[in-house]
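The sequence and structure are shown here for reference.

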Amino acid sequence: MTALLVTVFVTSLVGSLHCIGMCGPFVAFYSGSDGSAGARRLLSHAAYNGGRLTTYVIFGLAAGAVGAALDVAGSLAGVQRIAAIVAGVTMILWGILA
């Protein structure tokens with residue numbers, strides 16, 4: 001359990017560095033140059049976050065489509081059962097060795 005908590009903590013720190021390095025400057029750029037207040041400022045924040053949401057949805061759909069295509073290809077090639085066994089054995093060994 002401790003290893004899991006350490007892993008989550010380290011992953012969060014690495015993700016924070018991404019946000020500081022990329023997301024932070026974007027937000028500072030568009031919000032710092034916008035002298036408006038009220039609804040107009042809210043609209044710029046909504047547009048930025050809506051764009052992020054749309055991008056992540058598109059990337060998720062693309063990754064899902066690739067995964068579905070690989071699933072169909074594996075099923076057609078008859079390697080799905082072997083892949084499931086290999087994945088299961090790998091997870092069991094990883095759990096024993098970790």
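How far is the sulfur of C23 from the closest cysteine sulfur, and in which residue does that sulfur lie? In this predicted model, the sulfur of C23 has its closest cysteine partner in C19, at 4.2 Å, which is too far for a bond, because a disulfide requires a pair of cysteine sulfur atoms within 2.5 Å. In keeping with this, a search of the whole structure finds 0 disulfides, and C19 takes part in none, the nearest cysteine sulfur to C19 being that of C23.

The table lists the relative accessible area of each residue.

| Residue | Relative accessible area | Class |
|---|---|---|
| C19 | 39% | partly exposed |
| C23 | 12% | buried |
| G67 | 35% | partly exposed |

The value of 12% places C23 among buried residues, since buried means under 20% relative accessible area, whereas C19, at 39%, is partly exposed. For G67 there is also a distance to report: G67 and S16 are separated by 51 residues in sequence and, from C-alpha to C-alpha, by 28 Å in space.

Helix α3 comprises 18 residues, numbered 80–97, and its first and last C-alpha atoms are 26 Å apart, close to the 26 Å expected at 1.5 Å a residue. Where does this helix lie, in the open or buried? Of the 18 residues of α3, 0 are buried, and the helix therefore lies largely in the open.

Notes: Residues are numbered from 1 along each chain as its sequence is written. This is a predicted model: local features need pLDDT of at least 70, side-chain atom pairs count only at pLDDT 80 or more; totals for chains, interfaces and linings use all residues. Side-chain values use heavy atoms; hydrogens and water are left out. Helices (H or I, at least four residues) and strands (E, at least two) are DSSP runs, numbered from the N terminus. The expected span of a helix is 1.5 Å times one less than its number of residues. Buried means under 20% relative accessible area, exposed over 50%, partly exposed in between (1.4 Å probe, protein chains only).
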